[in-house]
Amino acid sequence: MKKIISGNEAIALSFGDSGGVFASGYPGTPSTETLEEVARLGEVYCEWAPNEKVALEAAIGASIAGGRSLSTMKHVGVNVAADALMTLTYTGVNAGLILMVADDPGMHSSQNEQDSRNYAKFAKVPMLDPADSQEAYDFVRAGFEISEQFDTPVMLRTTTRISHAKGVVEQTAKIEPQVGEWVRNVPKYVMLPNFGKIKHLEVEARLLKLQAFAETSPLNRVEMGDKELGIITSGVSYQHVKEAYPNASVLKLGLVHPLPMNKIREFAGSVKRLMIVEEMDAIFEEQIRAAGVRVDIGKDRISLCGEVSADIVRAAAGDAVAESAAPVEGLPQRPPTFCPGCAHRGLFSILSKLKAFVSGDIGCYTLGALPPMSAMHSTICMGASISAAHGMAKVNEIAGRTEKPVAVIGDSTFFHSGITGLLSMAYNKSNALVIIMDNRTTGMTGGQENPGSGRVLQGEPAGQVNIKDLVKVLGVEHVVEINTYDLAATEAAIKKGLETPGPYVLIDKNPCILRYRVKKPTITVQQDKCTGCRACLKAACVALGLTAAGDDKPKVRIDPNICNGCGVCSQLCKFDAMSEA
């Protein structure tokens, strides 16, 4: 059967077709749809974990118990899961285990361009790098086979283009899931130092066996063509290479760690010029040069930053490339902003007004850093808002400064890695204000369930964490629930939190208007009262605009097709010119 599906869908389909038993992950673009598709297919157990570390640890447990398992995350999620990964490489597996990691060259929705191939090399585990949806499907089964043959976890790397682009996929015969024996093996799975020393030797021996396997594996193939130019590449870069030079000789790597160095030497010796095309880091190039193989074109001509394209490949090889049209100057800037009706808008309107120093986090609310609100001053990684605010508060105390930092974090991010930061803040008596935006979903990645939403991935009812009670259990005395749609009450609550010594937590409990389809009466502008002062535009809502200039000062108008009736703009208006329609 043939289907036209994305790389993420292909991985999910193959997981079910390849005897998969257990899947766990944390949503993060561009990986999110994989686990959602596993759930939609309804054949294999799957779940959202509170964070990537828990997701991988759960998959490890499933593997030890005899079930083929999958853990999904984006590239920065591997940072969170790395603690488990670095021990997993020692213990190995029972049933096959695949860690699917989705990189984001070009940073379409990420805070960095981290190259996960470094993790495969660091952890000394094999990594597969599919170039299209069919390979994404095929490499899952190959990954399970390699995992079980060599007693190792296997990393399956995609990028944004592979995860989201669609292609033709032909399914292979389905393997029914079979749970293997659950064995007690202390020296294998308990990494005490004496056992770990033995396992490290096994890891190094395994890597040598994998290198020999890479030399003959069909996952790495040579496509001989014109010998004037030979190109070594992998993943989506292979597609750009074939577009740029369809007749060139290509060594396409599917198993990208460990590298088939003998095959590479043979290929390099058969072509006049050797070019290496890889996005982001020079992982291939550094190893190939270190092995003494001549490289004529590499990162000296292809940037370490951003995505590769056919034009970039042509230019690197020295061929002419058509000039791109120059960008039009003077166009209005349209920075991304909160959805109309979003509860975050009211909060950041007040934080901007109070000029508080805001330690931010990863989520929709990160948009509060952009103009015109400009009300977020640091964003590091998931959960860091609270921990960083704690550090800021302690240094302020040492320096004799009275300013109290504000940490803003969403509910899903709080469950992910904010709880421990708040525990430290309470334990160490930090003078900081924490605002938890509880919209009952994982909003930025599309509205996935989390421990506070009351449902699991498949939609079934589940226990719903009460954040207020949890915060109190952590040792925070002052915990207050607020409604950020009420600007005056929100301002008063924030001011009290800033004035009260010690840890102080505010919790906004308003559901995501997109996830829960919240709709309120729209707001209209009474033109005779509007003075055109534009104070309401500080709400940064796309439903707000200006009337034609004419002879008078332009006035504000509201698009009823976009407005969601949150009322923040009307509260910013000092002339009572806005009201419900």
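Predicted model: local features only at pLDDT ≥ 70, side-chain atom pairs only at ≥ 80, totals over all residues.
I started at T366, which touches D361, M376 and T379, not counting residues up to four places away in sequence. Contact here means heavy atoms within 4.5 Å. Residues are numbered from 1 along each chain as its sequence is written, and side-chain values use heavy atoms, with hydrogens and water left out.

**T366**

I placed T366 in the loop between β14 and β15. Helices (H or I, at least four residues) and strands (E, at least two) are DSSP runs, numbered from the N terminus. Which backbone oxygen does the side chain of T366 reach? I found that of D361, at 2.6 Å. I count a polar contact as a pair of N or O atoms within 3.5 Å; within protein, one must be able to donate a hydrogen and the other to accept it, and residues adjacent in sequence count only if both atoms are side-chain atoms. I read T366 as partly exposed, because its relative accessibility is 25%. The classes are buried under 20% relative accessible area, exposed over 50%, and partly exposed in between (1.4 Å probe, protein chains only). I also checked T366 against H344: they are 22 residues apart in sequence, and their C-alpha atoms are 9.8 Å apart.

**L506**

Next I went to L506, in strand β19 (residues 504-509). Is L506 buried or exposed? L506 is buried, because its relative accessible area is 0%. I looked for its contacts, leaving aside neighbours within four places in sequence. They are L433, V434, I435, I436, V480, I482, A493 and I494. I435 is 71 residues from L506 along the chain, yet their C-alpha atoms are separated by 4.7 Å.

**S453**

I found S453 in the loop between β17 (433-438) and α17 (467-473). S453 counts as buried, because its relative accessibility is 10%. Its side chain joins that of E449 in a polar contact of 2.6 Å. A polar atom of the S453 side chain also lies 3.3 Å from the backbone oxygen of R455. Beyond four places in sequence, I list R440, Q464 and Y516 as contacts of S453.

**Cysteines**

I then looked for disulfides, taking a pair of cysteine sulfur atoms within 2.5 Å as the rule. The count comes to zero. I logged C342 as buried at 15% relative accessibility. C566 is buried too, with a relative accessible area of 15%.

**Domains and a helix pair**

I noted the division of the chain: domain 1 (2-216), domain 2 (221-318), domain 3 (343-508) and domain 4 (523-580). These bounds come from an automatic or database domain assignment. The centres of domain 2 and domain 3, taken over C-alpha atoms, are 46 Å apart.

Two packed helices are described by the angle between their axes and the distance between the axes. I looked up helix α10 (residues 235-244) and helix α13 (residues 310-317): their axes come within 8 Å and cross at roughly 65 degrees. From α10, H240, V241, E243 and A244 make the contact; from α13, A310, V313 and R314 do. Axes are lines fitted to C-alpha atoms, for helices over the stretch in contact, and angles run from 0 to 180 degrees between N-to-C directions.

**Backbone exceptions**

Most residues other than glycine have a negative phi, and most peptide bonds are trans. I listed what departs from that.

- The T29 to P30 peptide bond is cis, with omega near 15 degrees, and P30 is in the loop between β2 (20-25) and α2 (32-41).
- P371 and P372 are joined by a cis peptide bond with omega about 5 degrees; P372 is in the loop between β14 (358-360) and β15 (378-379).
- M280 has a positive phi, near 65 degrees. M280 lies in the loop between β13 (273-277) and α12 (283-290) and is buried, at 0% relative accessible area.
- R534, not a glycine, has a positive phi of about 70 degrees. R534 sits in the loop between β20 (523-525) and β21 (544-546) and is partly exposed, at 39% relative accessible area.
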